[in-house]
Amino acid sequence: MTEHRTDMDPTATRPLADALTDVPGLRVGHATLEGKGYLTGTTVVLAPEGGVTAAVDVRGGGPGTKETDALDPRNAVRRIDAVVLTGGSAYGLDSAAGVMAWLEERGRGVRVGADPLHVVPVVPAACVFDLGRGGDFRARPGASTGRTAVEAAAATPLHAPVPVGNVGAGTGCVVGRLRGGVGTASLRLPSGPVVAALVVVNAAGSAVDPRTGVLYGEYFEGRVAYPDRALHERAQQLLAEASGEEADGRGGFAPLRPASPPLNTTLAVVATDAALSRAQAQKLAGTAHDGIARAVRPVHLLNDGDTVFALATGGRSLPGDDPLALNDVLAASADVVTRAIVQAVRVVESFRGAAGDCPSYSELYGG
């Protein structure tokens, strides 16, 4: 049995905010670019001084990433200071340069010389495809966007709530034919460790069961409220208009460009305060993908770039005499990813813009 949202474990010292920042030491900052052709942004997860153990698992067929090879447990980098999630497709990976510059100014990174400032920050990054969704194909994040996001992260207090919805890397996201965005969730295991996730939902697959209108992730959560049949049929009609399949002239949505094939991606950062080896962290990143598969169907397609980063801050030790002690953390990682995706799809808003329109789940189906 696990507890989440604002419940407290009997051994806890504070309530959880149901966010990635419930893992002690982690901060999140967004830079959102809207208007004048922009509909994109960058999100940064900032580690505490000294960095965190990190790993990655990439399962989409069209990933856009930076510095992911450095996280292979066979390689030399032991700890990292930040992770960048960004819009702008591969162009948006330039935002990581702004984060690197900010870290370098503070002497944070891999030490490569006698001078304390002789460091090379290792900043893994991954991108989603949102090019042209604001109307201008060339409007995308750059180094200054990354710097704005990391400065926002650094300025937040520990355990601060994380803004969700159409912010940061989630600004221009689409999931299936609906608007996507940023979601987050956390839980505390009975044994003490916190496990949390932050997800950027921008998938080629759908988050909604077309037979019922229920979010796939809510079947998993066990609290399904089935939409009224007439409401569901009208929602399906509006979705058909939004995809350009048909139009009934009743005030629906103009199709969103660019059209098919969609080039999308779901990104996630899962984190825990458990002390993990780099190999264990890599296992954590892999298991967390199950949370995406529960909430988005189909998943891990050739035109997705699904990528999960795993971070371990190391504040709590797992029982050394139990080789299976990691299992609860692994299972929890998938759970929080699923809940974060459900939150993202529920809280975003519809947009109507120069590149077309994209409805939100809440506009079609209500609360």
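A: Start with one residue. V199 is found in strand β13. Helices (H or I, at least four residues) and strands (E, at least two) are DSSP runs, numbered from the N terminus. This is a predicted model, where local features need pLDDT of at least 70, side-chain atom pairs count only at pLDDT 80 or more, and totals for chains, interfaces and linings use all residues. Residues are numbered from 1 along each chain as its sequence is written, and side-chain values use heavy atoms, with hydrogens and water left out.

Q: Is V199 buried or exposed?
A: Buried means under 20% relative accessible area, exposed over 50%, and partly exposed in between (1.4 Å probe, protein chains only). V199 has 0% relative accessibility, so it counts as buried.

Q: Which residues does V199 touch?
A: Contact means heavy atoms within 4.5 Å. Leave out residues up to four places away in sequence, and V199 touches G181, V182, G183, T266, L267, A268, V337, A340 and I341.

Q: How are V199 and V122 placed?
A: They are 77 residues apart along the chain, and their C-alpha atoms are separated by 21 Å.

Q: What is the largest nonpolar core made of?
A: A nonpolar core is a set of buried Ala, Val, Leu, Ile, Met, Phe, Trp, Tyr and Cys residues joined through side-chain atoms within 4.5 Å. The largest one here has 47 residues. V270, V337, I341 and L364 have the most contacts inside it. Elements giving two or more residues to this core include β13 (194–200), β14 (267–274), α5 (278–295) and β15 (307–316). The most comes from α6, with 10 residues.

Q: Which residues is V270 in contact with?
A: Set aside its neighbours within four places in sequence. V270 is then in contact with A196, A197, L284, A288, V308, F309, A310, L311, S333 and V337. There is also a second, separate core of 34 residues, and A47, A126, A169 and L267 are among them.

Q: How many helices and strands are in the protein chain?
A: The protein chain has seven helices and 17 strands.

Q: Why does the radius of gyration agree with a compact globule?
A: The radius is taken over C-alpha atoms, and the globule rule is 2.2 Å times the number of residues to the power 0.38. For 367 residues a compact globule would be near 21 Å; the protein chain has 20 Å, so the two agree. The C-alpha trace spans about 70 × 45 × 35 Å along its principal axes.

Q: What else can be read for the whole chain?
A: Buried residues make up 56% of the 367 residues. Take contacts between residues at least 6 apart in sequence: 75% of these join residues at least 24 apart.

Q: Which peptide bond is cis?
A: Omega describes the peptide bond. From R297 to P298 the bond is cis, with omega near -15°. P298 lies in the loop between α5 and β15.

Q: Where is H300, and what is its phi?
A: H300 is also placed in the loop between α5 and β15. Its phi is near 60°, a positive value in a residue other than glycine. H300 counts as partly exposed because its relative accessibility is 23%.

Q: What is phi of H159?
A: Phi of H159 is near 65°, a positive value in a residue other than glycine. H159 sits in the loop between α2 (143–155) and β10 (174–175). With a relative accessible area of 27%, H159 is partly exposed.
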